[in-house]
Amino acid sequence: MPKLREQFLCLFMMLAAALAEAAGPGIRGAESKVEPGQVGIDWYTTWDTGLAEAKRSGRPIMFMAAATQCSGVSGVF
Amino acid sequence: MQEMAAIAKKYPVEFDQSQAVVQDFLSLGQALNVASADQRLLVLIAGPKGRIEAAREATRPAINHEDHLGRFHVDFETGDEWTKAISGAKSNQGILFVKAGEFGLSGRVLQQLPLDASCSEIHSALTQANETFMATTEQKQYQSHIRKGHRLGIEYESVIPYGEDRDGDGEIDQKRRRRTRR
């Protein structure tokens, strides 16, 4: 994970978030794979900041968009 | 992961991580929601616009320190609006380490530094606050958490209306249509 994080710029557009489902790092129904306060993905959560950092560092963007409707999609929430 | 690693190999770059742009959110509400869901502390940097822009630059090395990457979320706020959702702040500006509420609709300050705190002060406070957070936070079970939210009637307003255009009439249908029994 840390190595990929260094190479990719992760941009998560929080287009919508339901309750606290948003950005839950596991499959719905499961407990998070990351314990509270431990290292997870270093997301950028607005396009402006993500794009600025991509230009600065020269890294490609891994873009992920999700909405509350995606809560039934395995691996998204 | 292997596919991501293969793509990343095509873009070999060298850059200074300590000067990376610091994350921000579109709103405090969104920041609290995501911090609660990810079970990370929220670093809220609040103050007048001019000082906030200076803080965006000054805090880069501390927030981008390898010990802290991926452990926090960061939000910048101007004005006083944020004080409605956050309790325990000593003043209406500063660098605040906030524990989001169970459903991400409110937050409580664990620690606060002045806006002009040094990078080493921020670095130490991040470490300390996260230790407190880890020791006092129970890992969420998403399924029971969501069930509880529904039961309590917790609502989160977002820019996208909830639901889908299930019948293709161009309008978002709020709820799943029930089948009529015959």
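**Figure 1. Glu53(A), Arg56(A) and Arg59(A) are linked in a network of salt bridges.** A salt bridge here is a side-chain nitrogen of Lys or Arg within 4 Å of a carboxyl oxygen of Asp or Glu. Over all chains, a search of the whole structure finds eight salt bridges. This is a predicted model, in which local features need pLDDT of at least 70, side-chain atom pairs count only at pLDDT 80 or more, and totals for chains, interfaces and linings use all residues. Residues are numbered from 1 along each chain as its sequence is written, chains are lettered from A and ligands numbered from 1 in the order in which they are written, and side-chain values use heavy atoms, with hydrogens and water left out.

**Figure 2. Chain A has two helices and three strands.** From the N terminus on, its elements run α-β-β-α-β. Helices (H or I, at least four residues) and strands (E, at least two) are DSSP runs, numbered from the N terminus. Of the 77 residues in chain A, 53% are buried. Buried means under 20% relative accessible area, exposed means over 50%, and partly exposed lies in between (1.4 Å probe, protein chains only). The areas come from the Shrake-Rupley method.

**Figure 3. Glu53(B) and Arg56(B) join their side chains in a salt bridge.** The N to O distance is 3.2 Å. Both residues sit in helix H3 (residues 49-58) of chain B. They are three residues apart, so about one helical turn separates them. An α-helix has 3.6 residues a turn, so residues three or four places apart point the same way. Glu53(B) is partly exposed, at 37% relative accessibility. Arg56(B) is also partly exposed, at 22%.

**Figure 4. Two further salt bridges of chain B: Arg60(B) with Glu57(B), and Glu81(B) with Lys84(B).** Arg60(B) and Glu57(B) meet at 3.5 Å, N to O. Arg60(B) counts as buried, with 13% relative accessibility. Glu57(B) is partly exposed, at 45%. The side chains of Glu81(B) and Lys84(B) meet at 3.0 Å, N to O. Both of these residues are exposed. Side chains of opposite charge can pair when their charged atoms come close.

**Figure 5. Helix H2 (residues 28-38) of chain B is largely enclosed by the rest of the structure.** Ten of its eleven residues are buried. Among them are Leu28(B), Leu32(B), Val34(B) and Asp38(B). Gln39(B) follows H2(B). This residue is found in the loop between H2 and strand E1 (41-46) of chain B. Gln39(B) is buried, at 5% relative accessibility. Its phi is near 55 degrees, a positive value in a residue other than glycine. Most residues other than glycine have a negative phi, and most peptide bonds are trans.

**Figure 6. Five strands of chain B form an open sheet with mixed pairing.** The order is E2-E1-E4-E5-E3. Strand E2 (72-77) and strand E3 (86-87) stand at the edges, each with a single partner strand, so one side of each is left without a neighbour in the sheet. Two strands pair if DSSP finds at least two bridges between them. E3(B) and strand E5 (residues 107-113) run parallel, joined by two bridges. Ser87(B) has Arg108(B) as its bridge partner in E5(B). For Ile86(B), the partner in E5(B) is Gly107(B).

**Figure 7. E4(B) and E5(B) form a hairpin with six residues between them.** Strand E4 (residues 94-100) of chain B and E5(B) run antiparallel, with six bridges. Gln112(B), in E5(B), is the bridge partner of Leu96(B). In the turn, Gly104(B) has a positive phi of about 70 degrees.

**Figure 8. Asp165(B), Asp167(B), Asp169(B) and Glu171(B) gather in a patch of negative charge on the surface.** Patch residues have over 30% relative accessible area and no salt bridge, with like charges joined within 9 Å. Asp and Glu count as negative. The place of a charge is taken as CG of Asp or CD of Glu. Asp169(B) is found in the segment after helix H6 (142-152) of chain B. Asp169(B) is partly exposed, with a relative accessible area of 46%.

**Figure 9. Glu157(B) lies in the segment after H6 of chain B.** Glu157(B) is exposed, at 69% relative accessibility. Thr136(B) is 21 residues away along the chain, and the two C-alpha atoms are separated by 28 Å.

Conventions. Patches are made of residues with over 30% relative accessible area and no salt bridge: like charges are joined within 9 Å, nonpolar side chains (Val, Leu, Ile, Met, Phe, Trp, Tyr) within 5 Å. Accessible areas come from the Shrake-Rupley method with a 1.4 Å probe; for residues, only the protein chains shown count as cover.
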